[in-house]
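Here are my notes on this model, as numbered points. Please read them with the coordinates open.

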Amino acid sequence: MSEILSQPNQVPQTEVEVGEKSGKIELFASASPLFSVCDLPATEFEYQVGGSLPTNAPTYVTRGADRELYDSLKAGEFCYVLTGRQMGKSSLRVQTARRLQAENTACGIVDITGIGTAQITPVHWYAGFTATLANSFKIKMNVRTWWRDREHLPPVVRLNEFIEQVLLPSTDRNIVIFIDEIDSILSLNFSSDDFFAMLRGCYNKRAENPEYNRLTFALFGVATPQNLISDKTRTPFNIGRAIELKGFELAEATPLAQGWSETRENSLEILKEILAWTGGQPFLTHKICQLTAHKLAAETSSDCNSAANCQLFIAELVQLSTLENWEFQDEPEHLKTIRDRLLRNPQRTGRLLGLYQQILGNETLPNQTEKPAGELSYLSPPAGGLASGSEDSSEKMELLLSGLIVKYQGKLRVYNPIYASVFNREWIQQELAKRRPYSESIVAWEASNHSDTSRLLQGRSLAEALTWAADKSLGDRDYQFLSASQELENREVQRALELEKAASQIFAEANLVLTQAQQKAKRTVQLSLFGLAAISAISASVVLQAQRVATGADTQKKQAIITQIEALKSTADLTLSYDQLGALVAAVSAAKKMREIEVSPALKAQTVNILHQTLNAVRERNRLANGHTASFSLDGKLIGSAGDKFTVKVFQPNGKLVLSLPGHSKSITEVVFSPDSQLIASTSFDNTARIWRSDGTLLQILKGHRDLVWSASFSPNSQLIATASSDKTIKIWSTGGVLLQTLKGHTRPVTSVRFSPDGNMLASSSQDRTVKLWKGSGETQFRLEKTLLGHGDEVWGCNFSPDGEMIASASHDWKVKLWNTRGKLLKTLDDSTAGLGSVSWSADSKMLSAGSMDGKVRLWRPDGTLLQTFGAHQADVWSVSFSPDRTTLASAGKDSSVKLWSLDAAKVEAAEVDKLLAIGCRWLGDYLQYNPRVESDQHLCEKTDN
């Protein structure tokens, strides 16, 4: 937990009074000056690969960062050294601390990894930080007692008091606090914004309290300054000086040649070749130097006496000891650390590999100047790298922090040839291939020289591939394959539509010809009855001709119907993955067309099979005309939604629109019903909430929030309503419009709020990654009871189970978490592949559902069993709601559609076409009757007995 930067000699002590407590602080003694390499005997020269180098290590390379950090801290500047791993940050810290101690500066170190980050509360984390400071500065006091005496204060305030009332009075010397592994703070399960705001506060206090001029901080880690404070509404961490830690340059690295200089006159030539391979990366450079020293010590030949020979010597050494079987030889781990950082987040891996693929190919990235012809260089990071990269995308910053790439003259380049050789094009393709849902198809298509269109994706497989690729930056071959698949599908869809249109036209023309032929035949027969016997043969000939014309027209009509059936079958198959009701309409249409004529047994079997498969695949039962939210009333008679033009839409479950309520001036975020189903509430970007009677009468406009309102919830007795807003507050109102209480506690926008079934609690979720539980104290007042920590990203939905036993929360960290009402985490549901938003429970508390940003709706049991995944929408799902009878789930989202899903998973048995048609038409009845977008198919099922 702590690292004590002190000498083992006698340390002076200072008495300090802290209120009623007293403490004894041991101050660091002055350190000895750094040893010079030339003062060490050759036997002490050892390369160290990994870890912090001792203060007198002869292999320590002094860089520009050493001077810059020392001078800046000496001048009292806050500093941060933020760069990739194994760049020598810890060794730089040790050396700088020792130099400062030698000049009478008190130094302490806090290693964040020693405090812990997993499942730790804010109180314990800040207590650990304070105890580490006390240990590092040798403060002799009971920190636990001191901390407990201040339980009435927030943890960050207690830490601040420790610095101001204990640490600063301990000495009149300057104080530097080194904080290492700062990036570990970012993985805490609570917001670390307060901590960094406190550090900034220490800097700002210099203007009012001169004592703070003696205190400064140095932060070390794998992060960027922009990462340190995540709340964009707070002042960013914009203080201090960025210290750029570059790779070794030849002039700086000459001490490393001491390892073989006594036996080799061309030691600098050897070092130059090593740096050419490592780009000056400290870990790799030390490792290759160590391997070189060992090999040279064992060599008896003069293979490294010339520049050319040195080049070959080092190249062979790198190849054999580092590149070949690199995963086996990567000890201590370095290359695997880079690999794991690239691959750790499945959702971002594709984008990272795609960007790296471009850089490795030495392609010019957008908004960058063209590279000179033939230029391909491996360079150490220049000044202004990570610290000045705020304009870069998160993927670029991630690659920079991995250490795999560097920025040079506005361009991104692979750091060194070793990285380029290990993480080469073949490695990228292998990793992408592991993650592509279409790996076999793309390989086969490319093997056919792009001529085998049967290998291209269509229907559901294409839709799933496009969803997978949507948030990734893939290589050209991927986009070429997906583009070709889309073009093929578009052609097939267009062909099906054209066939259907042509068939309809042929069918109409055939009907006309047949009718005319029948009429002509009838007239001819009538004339023959009145004709003379002499012309009877002629009459018979005319009748025969009319019959031939009619037969030809009938054949033409039959062929037209067959063409229509083929087109409808194709449409049903192609659209099933993204438009279930559309696929069912097409399958039913094909089967009904088939009944009009005699068709081949093969076509009949195919058509019936398509209908049967579609019935078993389709769970969508209805689709409301327009809306991006969905909520059932508790009596199950209505569904509330938000339509276009800022209107509240109220539907019956059969899809009939019963109310359209205008009034909001901006987009509506949620529509909910009161438990007695008599009231409707809507929230909006216009900073208001509105309360309506179920007959459409506007009762109240709730004004008071200073930012957009995300969510609303009625109390069980329908007398109160809670609203959640981006102004970070929750407001409690009477349904008569009186503001009763404002709840504060969240540090970022509040995204949802829900009353418990008994009305005694409120749950709220927030972009600050927390869920808060508020306890009722009286009929209308609430107080903060518990903060639920554990989500790794913004939380967008929370909901009590109807039995009041659990709370579900859904987050953009791809997880749904289940808690009991005391705040204990019971279960984490992590089956999602994208961020989650709305979450809903069935009335019996035996199922819960959540919508996600990948367009899917997932259904679980509370024990974590995934019951169903609906490929629901073509964009983010913003809202889910169970019907009270637990038979239907409503979902709505960014694609402005409200879809109703059957929760009955029973399979449809194979049957005769008439029975299958009856089932299909029964399912389609409401959709065809009430959805205006399917007017052309409205009469599809009128003649079918169902």
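1. Strand β22 (residues 729-734) and strand β23 (residues 739-744) run antiparallel and are joined by 5 bridges. I730 has its bridge partner in β23, namely L743. Keep in mind that this is a predicted model.

2. Next, the connection. β22 and β23 make a hairpin, with 4 residues between them. Look at G737 in the turn: its phi is positive, about 100°.

3. Now a sheet. Four strands, in the order β16-β17-β18-β19, form an open sheet with antiparallel pairing. Which strands stand at the edges? They are β16 (668-673) and β19 (698-703). Each has a single partner strand, so one side of each lacks a neighbour in the sheet. From one strand to the next, the twist averages 15°.

4. How many bridges pair β16 with strand β17? There are 5, in the antiparallel sense, and β17 covers residues 679-684. F673 has I680 of β17 as its bridge partner. In general, strands of a sheet pair through backbone hydrogen bonds, parallel or antiparallel.

5. Then the whole chain. The protein chain holds 25 helices and 38 strands. It has 946 residues, and 53% of them count as buried. Here buried means under 20% relative accessible area.

6. Last, contacts and surface. Take contacts between residues at least 6 apart in sequence: 60% of these join residues at least 24 apart. The accessible surface of the protein chain is about 41600 Å². Carbon and sulfur atoms account for 49% of that surface.

Technical notes. Residues are numbered from 1 along each chain as its sequence is written. This is a predicted model: local features need pLDDT of at least 70, side-chain atom pairs count only at pLDDT 80 or more; totals for chains, interfaces and linings use all residues. Side-chain values use heavy atoms; hydrogens and water are left out. Two strands pair if DSSP finds at least two bridges between them. Helices (H or I, at least four residues) and strands (E, at least two) are DSSP runs, numbered from the N terminus. Axes are lines fitted to C-alpha atoms, for helices over the stretch in contact, and angles run from 0 to 180 degrees between N-to-C directions. Buried means under 20% relative accessible area, exposed over 50%, partly exposed in between (1.4 Å probe, protein chains only). Contact means heavy atoms within 4.5 Å. Accessible areas come from the Shrake-Rupley method with a 1.4 Å probe; for residues, only the protein chains shown count as cover.
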